[in-house]
Amino acid sequence: MELGFRLDQAPARVAEVGRALRAAGGVAVRMEASGSAWPWQPWLDNLDSGLPDTIYATAVLLARGPDG
């Protein structure tokens with residue numbers, strides 16, 4: 001599903017869509033552009049936090065090695 005607004009500008013609206021999809025039987029979230037996937041609750045918690053770094057980590061696959 002493509003939404004007509006940016007995640008960082010409307011995380012609560014994105015979470016609202018996510019909750020509706022979960023209620024309709026959705027099993028997880030996959031952010032197509034980044035390839036990251038999440039179980040519903042941590043993804044919704046991240047969006048509900050309102051914290052820019054947390055919202056960013058929700059949408060972007062971060063790869064880290066032993067040194068960061």
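Me: How many aromatic pairs does the structure hold?

Reply: In this predicted model there is 1 aromatic pair, formed by Trp40 and Trp43, with 5.9 Å from centre to centre and 75 degrees between the planes.

Me: What makes the pair of Trp40 and Trp43 edge-to-face?

Reply: The centres, at 5.9 Å, lie within the 6.5 Å that defines a pair, and the planes, at 75 degrees, are over the 60 degrees that the term edge-to-face requires. Trp40 and Trp43 are 3 residues apart in helix α2 (residues 40-49), and therefore about one helical turn separates them; Trp40 is buried, and so is Trp43.

Me: Why is Val14 called buried?

Reply: Val14, which lies in helix α1 (residues 11-23), has a relative accessibility of 9%, and buried means under 20%, so Val14 counts as buried. Leaving aside neighbours within four places in sequence, Val14 is in contact with Leu3, Phe5, Leu7, Trp43 and Leu47.

Me: How do you know that the buried residues of α1 line one face of the helix?

Reply: The buried residues of α1 are Pro11, Val14, Ala15 and Gly18. Seen down the axis of α1, they fall within an arc of 100 degrees, and so they line one face. What covers these buried residues includes α2 and α3 (52-59), whereas the face turned away from the buried side carries the exposed residues Ala12, Glu16 and Ala23.

Methods: Residues numbered from 1 in each chain as written. Predicted model: local features only at pLDDT ≥ 70, side-chain atom pairs only at ≥ 80, totals over all residues. Heavy atoms only, no water. Phe/Tyr/Trp six-rings, centres within 6.5 Å; stacked < 30°, edge-to-face > 60°. Helix = DSSP H or I, 4+ residues; strand = E, 2+ residues; numbered from the N terminus. Buried < 20%, exposed > 50% of the residue type's maximum accessible area, 1.4 Å probe, protein only. Contact = heavy atoms within 4.5 Å. Arc of directions from axis to C-beta.
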